[in-house]
Amino acid sequence: MNLLARYAECIFWMARYMERAENLARILDVHETFARDTRGMTNWFSIVQLNADEKDFFSRHDRPTAEAVVHYYMFDTQNTNSLVSMLRMARENARVLRPWISTEMWTQINVFHNKLVEMNGKGVALPNLSKVCTWIKEECQTHTGITEGTFYRDQGWYFYQLGKYIERADQTTRLLDIKYHTLLPSPVAVGSTLDMSQWTTVLRSAAGYHAFRRVYPRGMSPTTVAGFMMFNEGFPRSVVMCVRQIDGLLTRLKSRYTLRNGSDAMEKVDELLGALLARPIEEVIQLGLHEYLDGVQAQLCGITTEIGRAFFGQDTVPMTQSQSQ
Amino acid sequence: MSVPEGKATDLLTNYDPGLYYDELFGGRDYPAEHSALIRQRLAGLNFGDLLRRSQDAERELYNLGITFLVYSNKDAVDRILPFDIIPRVISAKEWAHLEAGITQRVTALNLFLHDIYHDQKILKDGVIPADLVLGNGCFRPQMVGLDVPFDTYIHIMGTDLVRDREGTFRVLEDNGRVPSGVSYVVENRHMMQRVFPDLMQDIGIRPVDNYGHKLLDAMMEIAPQDVADPQVVLLSPGSYNSAYFEHIFLAREMGVPLVEGRDLVVENDRVYMKTTNGLARVDSIYRRIDDAFLDPKAFNPDSMLGVPGIMEAYRKGNVALANAIGTGVADDKAIYCYVPRMIKYYLDQEAIIPNVDTRICREADALQYTLDNLDKLVVKPVGEAGGYGITIGPRASKEELAECRAKLLADPSNYISQPVVDLSVCPTVTDDGIDPRHVDLRPFAITGKNTWVLPGGLTRVALKKGTLIVNSSQGGGSKDTWVLQDGVLQDGAQEGSAS
């Protein structure tokens, strides 16, 4: 059956927003619990940095206090990167997609969104933050499970998966970038207790702590953590793992549905995968991890653009919906 | 069902429908036998349980997003259509009568549309004044001489029925453009199955959930004949339309894409939709956009919702549209009065379901009658929609009546008059217990090659005490409508006996 270009785009973005929401909930949760400095304070500002929201945040807040940052990322409807905004956009896409997705997928997103809106900051004082984040994470995972169990496996499924893996790869590079950026410049701290706990935080944010320990039972260094998150072939959030998925999805999508377009997108994925496999982590760090991650993000953006051109009809029509990278 | 001590044991004991016909109890002299078992089961419930179920149902509707958008100031709010869990019950015999009457009416209206867009015999024979049709804003000259498959113009029809004090069903209005509400018919049934399975058990209620299949069948039938496997789509104005839920519902039920104008293009007088694999042919369109907005090239040039060039593709026979263009002239208030004569003219039959007794003031004796009984009648201008310019005699002041009289005399052909109809009532859950509330009924008919009437319809209920206005914008809600199967156990006295 033909898939409407606009539906494909909505499916892609619904998946991205849900994935993004889960990642943000993870980051807020792990941050509150583990990311403390020597005085036991949480550096909430790093979350603002992670999302590159400094400008918008400071236009409405003087200082990155816990309350301000938590509210900004959970309930601020003006902030397009807040959980409530992401859920609104996921729901808007799901609403358009109701003829295409299962009733259960729609209902769960609808109820999830409505509950979050009803909460409106009430009861999310810091002591409750972890509980709320856990709830959000579970709702996102429920979405993933319902989707896995009820979403019909035709073209739509591939666009869903593409959205999910592109977003996930992007989130992992951002997480790694900000931590590396803020942690590495202090050579004195490398290997200290604090440094270790910060790197543990990075792994926990990506649900990778135990997996990392299994691979590296004894050592933990910025290099091994970065390498694990970038290149590990078994870790579901590693960049290489995600890009391999994207590669496979595009290939199968094109062959199974004999879609005419999409070759440019596939080329871009090949390029990225080639680049990722070309250098070991040590070399990457030596050349500059930040620049490297920036490059990966730009390439993921490029893949999204090509997918839009090939399948969402973006060459022919201006889409009124503006969904953001 | 256990009953708390100290409470009345029978929920319906104190129920009093007053002078009105009651949908569950029947008329004063004709108690409804067919609903005896349902009454008996309802009477045995306690009110707290009923309220709880009612709240469960409304919460569920909200969670499922079975909502419509209400625009207030600048905000759009999602609202559910309030749902009353006491069903409205129609016997097999009553339904057979309604089904025949609706089919007859759709048939006559389609014959009328074909006639006025071809030979215009009914106008030439003076049965209907030509100016009423040709001067009507909904008459589309683009349709003149155009043939449509099976001569069907109104594929989807919603007929608004009311029941008077004597229990007679009457047609209040025909909806032959883009009638809505059928999604609630099906969803209300699903809701009842969830919250009230014990009430429904062994009643023998005719199912309503095959509406989507029937609609798809009709959409396939009317597609261009040279297409082997027609692509059907539903064309919606988009997610900000207040009836968007229904569009989703119907697209899902038919298993077809829900498209918007921006998803479609016309090339070489053929309609295509934009897919992940480029353009794909579209053969049959269930459009939920009014004529005026459908094609900026043919109608309203400012429309952003439509598809430029689609009218020409339609004229060439390359795409089917349901409903056809130009059906609005058949469900106009002025034309409504002539439908019984139309039925006589085309089918040589009397109308099976009568109109509300309507007088056409352009006719001398009707004008005289209206003037003589002004304080008892409702006077409506024919050109206006949405209740504008209506004078309700029994509630009007002397000055208003005088003003109405003057207008009637100045331009009689702009007016019709009707008696005030005492809509029937149905037991309804209210804050004060079970109370009678006024209801109407909108059954839906689908016509491709033949006409099929969905057994049931949308029962709208005026939730405000005493009011006759059932519209959702005025505090109206809806009920599940049960059409009973013929010959199934329906006698309360026999419940529990071996079967």
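Asn323(B) lies in the loop between strand E12 (320-322) and helix H12 (333-336) of chain B. Helices (H or I, at least four residues) and strands (E, at least two) are DSSP runs, numbered from the N terminus. A cis peptide bond joins Ala322(B) to Asn323(B), with omega about -10°. Most residues other than glycine have a negative phi, and most peptide bonds are trans.

This is a predicted model, in which local features need pLDDT of at least 70 and side-chain atom pairs count only at pLDDT 80 or more, while totals for chains, interfaces and linings use all residues. Residues are numbered from 1 along each chain as its sequence is written, chains are lettered from A and ligands numbered from 1 in the order in which they are written, and side-chain values use heavy atoms, with hydrogens and water left out.

Gln120(B) is not a glycine, yet its phi is positive, about 55°. Gln120(B) sits in the loop between helix H3 (92-116) and helix H4 (121-124) of chain B. Asp348(B) also has a positive phi, near 50°. The loop that holds Asp348(B) runs between helix H13 (339-347) and strand E13 (359-360) of chain B.

Now take chain B as a whole. Its secondary structure comes to 15 helices and 22 strands. The radius of gyration of chain B is 24 Å, close to the 23 Å that the globule rule gives for 499 residues, so chain B is as compact as a globular protein of that length. That radius is taken over C-alpha atoms, and the globule rule is 2.2 Å times the number of residues to the power 0.38. Along its principal axes, the C-alpha trace of chain B spans about 75 × 65 × 50 Å.

Turn to chain A. It is divided into domain 1 (1-152) and domain 2 (153-314). These bounds come from an automatic or database domain assignment. The centres of the two domains, taken over C-alpha atoms, are 20 Å apart. Their contact takes 34 residues from domain 1 and 32 residues from domain 2. Contact means heavy atoms within 4.5 Å.

The size of an interface is often given as the accessible area lost when the parts come together. Between domain 1 and domain 2 of chain A, the buried area is about 3100 Å², and carbon and sulfur atoms give 60% of it. Buried area is the accessible area (1.4 Å probe) that two parts lose on being put together, summed over both.

Side chains of opposite charge can pair when their charged atoms come close. The two domains of chain A share 6 salt bridges. A salt bridge here is a side-chain nitrogen of Lys or Arg within 4 Å of a carboxyl oxygen of Asp or Glu. Glu22(A) forms a salt bridge with Arg237(A), the closest N and O atoms being 3.1 Å apart.

Which helices build the side of domain 1 that touches domain 2 of chain A? Helix H1 (5-34), helix H2 (45-50) and helix H7 (126-150) of chain A each supply at least two residues. H1(A) gives the most, with 18 residues. By class, this side of domain 1 has 17 nonpolar, 8 polar and 9 charged residues. Ala, Val, Leu, Ile, Met, Phe, Trp, Tyr, Cys and Pro count as nonpolar, Asp, Glu, Lys and Arg as charged, and the others, Gly among them, as polar.

Next comes the interface between the chains. Here 32 residues of chain A are in contact with 30 residues of chain B. The buried area is about 2600 Å², of which carbon and sulfur atoms give 44%. Arg6(A), Arg95(A) and Arg98(A) supply 24% of the area that chain A buries against chain B, more than any other three residues.

The rule finds 2 salt bridges across the interface of chain A and chain B. Arg6(A) forms a salt bridge with Glu260(B), the closest N and O atoms being 3.3 Å apart. H6(A) gives the most to the side of chain A that touches chain B, with 6 residues.
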